[in-house]
Amino acid sequence: MKTLFEEIKASIKNNYNQDRSFWRPVLPWGGVFTIKAGRKAVSCTPLYVEIRLKNTCTIDGFLMLLYVILHENENFPRELSLHLGREFIDCFLYLMDTYSFTTVKLLWIWDKMEKQQYKSEVHKASLIIDLFGNEHDNFTKNLENLMSTIQESYCSNWRCPIRVQEDQQRTINIKCGGLREFSQRVFCHGAPPFVVLNMQHWKSEDLAYVPYYLDLSDHKYLLEGATLFNKEEHHYSAAFQIDGHWMHYDGLRNVNLILLNKPPEFLLLSSLVYIRATEK
């Protein structure tokens with residue numbers, strides 16, 4: 001049985017007219033999970049027999065990118081298991097390859113998100129989980145340990161109360177009455193398999209002008225994909241590369257995975273995703 005990744009690659013290889021979409025929907029927006037409950041369910045309070053997901057685009061694009069990333073390097077599943085857990089990685093790949101898309105979203109929600117990150121309510125016999133919000137809050141925030149960095153700074157003023165400072169924040173603002181020298185920022189847990197850059201104010205047409213590789217902590221990172229934001233619809237989608245071809249994923253559309261000739265128009269860049277290059 002072919003994996004979903006192999007199916008997508010095959011569709012690219014067999015696509016001669018550059019406009020054919022993938023043969024079936026992938027990670028459709030929302031989702032319904034039916035609970036096959038036994039007799040014990042009648043004693044549950046509150047009682048619901050299905051789970052309905054809403055506004056899942058805040059995690060859908062990154063779930064699609066995560067799936068592609070895990071197939072780009074045979075070592076990435078093992079490396080990411082150190083941060084996300086081996087059971088999570090194995091279950092995630094299995095659910096994606098068996099097209100269990102609602103279940104894979106629930107896996108992320110219940111295994112990686114905090115309860116305060118989403119709204120939920122019981123309506124009639126359904127538990128409704130609403131992920132409306134920002135994808136950085138719903139997804140990348142839960143990867144802070146993976147991508148955390150640290151930087152040391154030294155103040156030239158001997159009277160500075162904190163002459164040597166270690167900080168994991170992007171910026172350091174200390175009034176010490178002297179000049180502060182910064183060391184190179186390094187990853188706390190070694191170079192991760194991928195990094196996510198917040199690019200919320202760029203247009204997708206500017207994708208041609210962003211760097212296609214980065215040098216971070218003595219490692220080279222290659223542009224793998226991006227998440228995009230439709231301001232009018234308040235909706236996220238994603239673009240990613242497979243074998244040098246760009247594809248656009250949009251879970252809200254009936255045809256939601258298509259081969260691109262150029263970046264989608266009228267969308268804002270939300271994030272850029274880079275993967276660590278294979279050492280030769």
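The chain exposes about 16,100 Å² of surface, and carbon and sulfur atoms supply 51% of that area. Keep in mind that this is a predicted model. Of the 280 residues in the chain, 48% are buried. The fold is built from seven helices and 15 strands. Take the contacts between residues at least 6 apart in sequence: 65% of them join residues at least 24 apart.

Here is a friendly tour, topic by topic.

**Where H2 meets H4**

- Helix H2 covers residues 57-72 and helix H4 covers residues 86-97; the two pack at an angle of about 105 degrees, and their axes are 11 Å apart.
- That angle makes H2 roughly perpendicular to H4, because angles of 65 to 115 degrees fall in that class.
- From H2, the residues taking part are Leu63, Leu66, Tyr67, Leu70 and His71.
- Facing them from H4 are Phe88, Ile89, Phe92, Leu93, Met96 and Asp97.
- Sorted by class, the contact of H2 with H4 holds nine nonpolar residues, one polar residue and one charged residue.

- Asp97 belongs to helix H4.
- Is Asp97 buried or exposed? With 14% relative accessibility, Asp97 counts as buried, because the limit for buried is under 20%.
- The side chain of Asp97 makes a polar contact with the side chain of Tyr67, at 2.4 Å.
- Setting aside neighbours within four places in sequence, Asp97 touches Tyr67 and also Met1, Thr3, Leu4 and Phe5.

**Where H3 meets H4**

- Helix H4 also packs with H3, at an angle of about 120 degrees and with the axes 7 Å apart.
- H3 and H4 are therefore oblique to each other.
- On the H3 side, Pro77, Arg78, Leu80, Ser81 and Leu84 make the contact, while H4 brings Arg86, Phe88 and Ile89.
- The residues of the contact of H3 with H4 divide into five nonpolar, one polar and two charged.

**Two residues of H3**

- Ser81 sits in helix H3, which spans residues 76-84.
- Ser81 has 11% relative accessibility and so counts as buried.
- Beyond its neighbours within four places in sequence, Ser81 is in contact with Arg86 and Ile89.
- His83 is also placed in helix H3.
- The relative accessible area of His83 is 28%, which means that His83 is partly exposed.
- Which residues does His83 contact, leaving aside neighbours within four places in sequence? They are Asn145, Leu146 and His189.
- His83 and Asn145 are 62 residues apart along the chain, yet their C-alpha atoms are separated by 7.5 Å.

**Glu233 in a loop between strands**

- Glu233 is located in the loop that runs between strand E11 (219-230) and strand E12 (235-242).
- Its relative accessibility is 40%, so Glu233 counts as partly exposed.
- If neighbours within four places in sequence are left aside, Glu233 is in contact with Leu252 and Arg253.
- With Arg253, Glu233 makes a polar contact from side chain to side chain, at 2.7 Å.

**Two residues with positive phi**

- Leu27 lies in the loop between helix H1 (4-13) and strand E1 (31-34).
- Phi of Leu27 is near 45 degrees, which is a positive value in a residue other than glycine.
- Leu27 has a relative accessible area of 0%, so Leu27 is buried.
- Asn55 is found in the loop between strand E2 (50-54) and H2.
- Asn55 is not a glycine either, and its phi is positive at about 55 degrees.
- Where does Asn55 stand in terms of burial, at 19% relative accessibility? Asn55 counts as buried, because its value is under the 20% limit.

Methods:
Residues numbered from 1 in each chain as written. Predicted model: local features only at pLDDT ≥ 70, side-chain atom pairs only at ≥ 80, totals over all residues. Heavy atoms only, no water. Axes fitted to C-alpha atoms, helices over the stretch in contact; angles between N-to-C directions. Helix = DSSP H or I, 4+ residues; strand = E, 2+ residues; numbered from the N terminus. Parallel < 35°, antiparallel > 145°, perpendicular 65-115°, else oblique. Contact = heavy atoms within 4.5 Å. Nonpolar A, V, L, I, M, F, W, Y, C, P; charged D, E, K, R; others polar. Buried < 20%, exposed > 50% of the residue type's maximum accessible area, 1.4 Å probe, protein only. Areas by Shrake-Rupley, 256 points an atom, 1.4 Å probe, with all protein chains shown as cover. Polar contact = N/O pair within 3.5 Å; in protein donor to acceptor, adjacent residues only side chain to side chain.
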